[in-house]
Every structure is written in C-alpha cells, then in structure tokens.
Amino acid sequence: MPQKILVTSALPYANGPIHLGHLAGAYLPADIFVRYHRLKKNDVVYICGSDEHGVPILLRARAEGVSPQEVVDRYHAVIKKSFADFGMSFDYYGRTSSPVHHQLSQDFFRELAAKNTFRLKTDKQLYDPEAGIFLADRFIRGTCPVCKYEDAYGDQCEKCGTSLSPRDLLNPRSAITSAVPVDKETTHWYLPLDKFQPELEKWIAGHPEWKTNVLGQIQSWFKDGLKDRAVTRDLTWGVPVPDGSGQDTAGKVLYVWFDAPIGYISATKEWAQEKGEPGLWENYWKDPETRLIHFIGKDNIVFHCLIFPAMLMAHGDYVLPQNVPANEFLNLEGNKLSTSRNYAVWLDEYLQKFEPDALRYVLAANLPETRDADFSWKEFQARHNNELADILGNFINRTMTFAHSYFEGKVPAAQAADAADRDLLQRLAEAPARLEKLIDNFQFKHYVREFMDLARSANKYFNDKEPWKTRKSDPPTCAATIHYSLQLARSLAVLGAPLLPFTSRKILDMLGVDQMPEWDQSGQPGLSAGQVLGETKILFGKIEDDLMEQEIKKLQTTAPAAPVAEAEPENLISLDDVRRLELQVAEVIAAEAVEKSNKLLRLQLKIGVEQRQIVAGIAQHYPPAELIGKKVIVVVNLQPATIRGVQSQGMLLAASDGEKLAVLTVDRDINSGSRIS
Ligand SMILES: [Zn+2]
C-alpha cells in the first residue's frame, strides 16, 4: 500500500526575495523528502505558497508609494520563479490573497466562533487620531529607551536590537501621519491556548520521535504556560473578519498567523480544483491515515506545533501533523543573515551565476538540522570542486569516456563477476534501504554523506580495476568493469535524484535512459548489454578562486562590524545548565511492549530504593527480555508525562545513528541509583 503523505513548506512572506537561510530551513529538506517519496511511488502531495498578508507588506507598500497588492504581486512572481529554477517540486504553489483562501479562512473562523472557541476581549490600543486607524506596533516610531536611536520601531530598535513594545518608546509618533498616538478601546477575538494545553501536551507526548530541538522548544512553551493569542487585528490589509457574531467587525482582519497556516489547506483545495477533482483535497486533509509533515524553520515552531494544531483540534475536521521537522538557522560567513541590512545570498542572484544542484548539494551537506550551521563560499567551492566535480563528476565522466572510446558507445557485456565486482554489487543492493531510512527520518545531512560515499567507492572501484591496463591485458575484465561502472552510474542517478534532480537527469540522458527508474529498482543493475549510450557531458566544471573572492567581497560591504562568536552562544550551555539534568543509573527489572504501539516499551526501573516506570521508544531495537537486568542511564528530573495512556517518569538515554539504536549503560557494575556527573 502506498503511503498517503501531505507535505508543506512554510509559506514565504511575499515581502522580498528568497535567500539561502530560507532554503536551508523549510524548503530544500522538504523537496528532498518529497522527491524520494515520489520515486518510492508513495501518494505524496507537496504544497506551498506565498503568505501575502501582514504589516511588513503594508509598510513596504507605504515606503514605495504603491498598493500592498502591487508589492505581493511582484514578490510572489519573484519567489515562485526562484523556487522553480532551484528545482523545488511543489505540486501547487498558491497565495493567501486568493479568493479560495479568503473564503476558507473565514469559514474556519466562523466554525470556531460557532463552537464558542474564542474569548472576546476589549482593551486599549494605540490609535492614530489623524488617520483614523489603529496602529500596529510596526507603525509606531519613536526614540529607543536603551540607545536613544530616534527612529526605533514599536516592536524593536533596529539600531541596538532591543525588543520593545510601543509604550516603551520615548516621544512615540504614528509612522503614517506623525501624530501622537492615543489610547482607544477595541475588541478582539482571542484563541484561549491555555484551554488547549492539556490536549496539546497529550498529543505531543505521543510523539517522542520528533526532533529534540523541536520538542525542547515546545516543552519550554508548556512550562511557561500557554496564553491567549489574539486572532484578529485592526488593519486594512488581510482576510476580513466575517460578520455574523453580532460584534462589529468593521476594519478588522484575521491576524496573519491565523490565516497563513490555513493557506496549506486552501492551496491543497486549489490544487484539487486545478486537477479537475475538486473533492480530492479532503482525501488528504480529512483522512486520519495521512502523514501530514510541516517543514519549517525554528522561528515557526510555536505556530506549527501549538497554535495551528490547537486551531485544528478546535475545528475537528482535519488531521494533525504527524511530524514538524523544524530546522535551526543558517548563518552566512560567520554572521547572522539579515534581510533589512541586505546581508544575504539571494537565490535569484545565485542562480544567475551558478548551478542549482551545486547549492542544493552544499546546503544539504550542512543543514542546520539540530543546531545552527554556517554557509561560507570557501566551503561551497571546496565541496563543489572536491566532491561534486572530483568524485561524482569524475566517475561519471571517465566511465562514459571509456565506454565511448573502447566499446562503441554501448554498454559492454559482463561475462563474469569477480570478488571486487560482487562486493560492489552487494554494496549497491543495500544502498536504497540504507539511504531511504535516513531521508524518511529527516536525517538529510547523513543521506548526503552516504550518497557521496557511494560515489567515492565507485571511483575507487574504477581505480582499483585499472581498466586502462586490462583493456589490453584482459579485455573481458575490462568490459565487466565498464559494465558495472555504468550500472553504478544509473544507481547514483536514482539515489541522488532527490538531492541533485538536474544532475540526475543529465546522467540518465548520458546512459540513454528516458524513464526515471523507481527507487526500489535502483539497487539492482538495470542497463542491458548493448544499450546505446548518449553523449558525454561534463557535470561540474571547477569553480575558480576569483569568482569566490567576488562573492566574499560583496558580502563584506554589508557585513556587521562584529561577527558572531565562532560557536553560536545560544548553542553553548553553562555548567549550571548541565547540572540541572539529574542523571542516575537504573536497573531494568521488567519490560513489556505498550499495547497498540510497535515503538514503545514500558520499563520498570529500580533506582536505588525507588521504583519507577518509564516509556521508551526502543521497541523496534530491543526485545523486552534483552533489557532485563541491564543498568541504564535515566534523566530522573523530567516532568512526568502520559504516553499512550501509560505514565512515564523520566527518560531513558540512547544513542542512534539513524539506523541502529543503543541504550546507554555503565562501563562496569555499579549500584542502581548512582548519580552521574
Ligand atoms: Zn536602541
């Protein structure tokens, strides 16, 4: 049975072009994931679109003297084109200014209002008496109380970086008329997240497999206690709040974070309409079997893991996400990317000079999967030249050149396989299963490494077999070497297709293969002897130093004066942080499977004189009996949680490489209850 998978990438804000940081967060990983699942013949739909509402768009429109619609039309087109050129394979790329989206967002709001989900609250907000409108934080300017910069925004001082609220500003003024803002009462709808917290906690507890950076952020939100969030705003740009509640909705729109995630649903609906099967979107959004996966950057975790799920729970018709593999941030040459300072590598500018696959490869090899990462042009050049060109490109090129020069441009027959050939075939046969596990578990960096290792072993095979010698001394062996090298080239084209779609197509063209083979066939030889090969093409030329120096120089003009520290401070923790973790040795005295779960084990542990129960997601790696008597390591001061209806008081530590999992244990026998420091 093919899996039904619905994948979304965060809707980019139609307020500027896309840069590398965006790609590394929400887009490239999703595209690799989706392309793999298509090759696997799963039923996957990939949805994205432009987020076209919100205050920054209004501000930009005002600054340029154009309408907000003009701003979003311009950037929607720019973003859509960059994505297409970069090989982003969305099934549908929508926009939140569309009528379908407005309608669906209003229906969603009405449904929640009808269920009495919202709280109404009236309070005072700042108002421009001359323009006659309420002022969003960004529409209030004034003097920063910290650094005395006179043009700070109501939410942040761009000079010193301090987060502000409009009432912190000295001499506040309206950015529209320069009038002094006054207080005026206004009523808004709030989503009472506190009421949803227990249900959200229960749901999150059922997902111990989520990435630790994501779970960590969620737990800290839980710990602080979730608070009301306004879902409406006094603004002129956005989805109007629908009438019907008896309240005055004039001049009010849905807050952008309320309507933007609904954009995933409305874009799926438009996709179905475009396909001529208008009801098809419901097969994904309303089927509990759907694997809904949201790819995002870490700044969006609260929206996708708490707020949107709470909205979905309140609505009741839709599936909840099965995973939200959020990435951390990408820095650039040691500095934080900054759109406002133009410190970025913009995708459209990159694509004017370099190949999309080169960037896909280098970014994927260094994704900020669990901590922030850094992009540098030197690394780009090194990986491009040393890996893409010298390993993958070189292997394909020498194989093709040999086949054209000595085998009439056809796949030669392999009479017999020797030990080295058989080793290679064995490695190849195992590759699809190994790589697919990594992709499906969102370990894209690891997948990239394994893929390049496979290309490396192909190159080594070619070297070791020395076909330039056997061509004269042992022609059948030479033919076999080229035969298997060509088979390997075909496999690399398929296994690398999610990562390098353009290169993959070029390799298949060289091999004379029209139809992309399925993933599951990529571990087996698929070329027949005698097959006519296509023309040899160079896949990756060398990138020279002077090109890189131009790029580095360009960035230096907008780089901040003081670079961020080598290791990002927020990644480092203090000794106190370490000491907050209480780790102890525990002896497993009983273990059994949790009912209706193939992943979870219920363990009874003896920790000194105490006995505790914990639930661990290790059932696929350990038969329960094997654990009994083991001395394991447990975090004992973790908040208790109920997982699948089973109380869990603590967390078992285990190591994983994506494939194997090993429970941590002690090096020699020691009493249970021993403290770890
Ligand atoms: Zn300041």
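This is a predicted model: local features need pLDDT of at least 70, side-chain atom pairs count only at pLDDT 80 or more; totals for chains, interfaces and linings use all residues.

Me: What angle do H2 and H3 pack at?

Reply: About 105°, with the axes of H2 (residues 55-64) and H3 (residues 68-86) 8 Å apart. That angle is why H2 counts as roughly perpendicular to H3.

Me: Which residues meet there?

Reply: From H2 you have Ile57, Leu58, Arg60 and Ala61, and they meet Pro68, Glu70, Val71 and Val72 of H3. Sorted by class, that contact has 6 nonpolar and 2 charged residues, with no polar ones.

Me: Okay, switching to H7. Where is its kink centred?

Reply: On Gly263, where H7 bends by about 35°. End to end, the 19 residues of H7 (residues 256-274) reach 26 Å between the first and last C-alpha, close to the 27 Å expected at 1.5 Å a residue.

Me: And how many residues of H7 are buried?

Reply: 16 of the 19, so H7 is largely enclosed by the rest of the structure.

Me: Last one, H16. How far apart are its end C-alpha atoms?

Reply: 30 Å, which agrees with the 30 Å that the 21 residues of H16 (residues 475-495) should span at 1.5 Å a residue.

Me: Is H16 mostly covered or uncovered?

Reply: Mostly covered, as 19 of the 21 residues in H16 are buried.

How values were computed
Residues are numbered from 1 along each chain as its sequence is written. Axes are lines fitted to C-alpha atoms, for helices over the stretch in contact, and angles run from 0 to 180 degrees between N-to-C directions. Helices (H or I, at least four residues) and strands (E, at least two) are DSSP runs, numbered from the N terminus. Angles under 35 degrees count as roughly parallel, over 145 as roughly antiparallel, 65 to 115 as roughly perpendicular and the rest as oblique. Two residues are in contact if their C-beta atoms, placed from the backbone, lie within 7 Å. Ala, Val, Leu, Ile, Met, Phe, Trp, Tyr, Cys and Pro count as nonpolar, Asp, Glu, Lys and Arg as charged, and the others, Gly among them, as polar. The expected span of a helix is 1.5 Å times one less than its number of residues. A residue is buried if 20 or more other C-beta atoms lie within 10 Å of its own, exposed if 12 or fewer, and partly exposed in between; C-beta atoms are placed from the backbone. The bend at a residue is the angle between axes fitted to the seven residues ending there and the seven starting there.
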